[in-house]
Amino acid sequence: MPIFLFPDDPFWNEEADAVEFAVQVGEYQGRVFVTRRTLQGIVGHMPKPDEAVQQVCMNRPLFERATEQRIMSRALDPDANIHLTGRDLHRAAG
């Protein structure tokens, strides 16, 4: 059984202006957010919501690795969720 579970597909969260997906580690359940601004560094322009979701889906292993690294380093945000940054993605890609 994997340590980290990503139980649902990414979707657009209008209020957060970000792509959102779930992560579960044992009893911990949190949300991961990837803002359009973060995705701008990947696609080279400010993506529309549907393009942002598509980018996360197409590059899901990268976003999952970045999430796992944040959890392993216990770098959760104050709300116990994870807001991935360009730096997180760069580390995960390296």
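Biologist: I am starting with Thr-85; where is its place in the chain?

Modeller: Thr-85 sits in the loop between β5 and α4. Helices here are DSSP runs of H or I with at least four residues, strands are runs of E with at least two, and both are numbered from the N terminus. This is a predicted model in which local features need pLDDT of at least 70 and side-chain atom pairs count only at pLDDT 80 or more, while totals for chains, interfaces and linings use all residues. Residues are numbered from 1 along each chain as its sequence is written, and side-chain values use heavy atoms, with hydrogens and water left out.

Biologist: Is Thr-85 buried, partly exposed or exposed?

Modeller: Buried means under 20% relative accessible area, exposed means over 50%, and partly exposed lies in between, with a 1.4 Å probe and protein chains only. Thr-85 has a relative accessible area of 35%, so it is partly exposed.

Biologist: Let me step back. How many helices and strands does the protein chain have?

Modeller: The protein chain has four helices and five strands. Along the sequence they follow the pattern β-β-β-β-α-α-α-β-α. The radius of gyration, taken over C-alpha atoms, can be set against the globule rule, which is 2.2 Å times the number of residues to the power 0.38. For this protein chain the radius of gyration is 12 Å, close to the 12 Å the rule gives for 94 residues, so the chain is as compact as a globular protein of that length. Its C-alpha atoms fill a box of roughly 35 × 30 × 25 Å along the principal axes, and buried residues make up 38% of the 94 residues.

Biologist: Which residues of the largest nonpolar core touch the most other members?

Modeller: The general idea is that in soluble globular proteins, nonpolar side chains tend to be buried together. A nonpolar core is a set of buried Ala, Val, Leu, Ile, Met, Phe, Trp, Tyr and Cys residues joined through side-chain atoms within 4.5 Å. The largest one here has 19 residues, and those touching the most other members are Val-19, Phe-21, Val-34, Leu-39, Val-56, Phe-63 and Leu-84. Two or more residues come from each of β3 (18–25), β4 (28–35), α2 (49–58), α3 (60–72), β5 (82–84) and α4 (86–93). The most come from α3, which gives four residues.

Biologist: What is Phe-63 in contact with?

Modeller: Contact means heavy atoms within 4.5 Å. Leaving aside neighbours within four places in sequence, Phe-63 is in contact with Phe-21, Val-34, Leu-39, Ile-42, Gln-55, Val-56, Leu-84 and Leu-89. Take Gln-55 from that list: it belongs to helix α2, and with a relative accessible area of 14% it is buried.

Biologist: What about Asn-13: which residues does it touch?

Modeller: Asn-13 lies in strand β2 and is buried at a relative accessible area of 16%. Not counting residues up to four places away in sequence, Asn-13 touches Ala-18, Glu-20 and Phe-33. Asn-13 and Ile-82 are 69 residues apart in sequence, and 14 Å apart in space from C-alpha to C-alpha.
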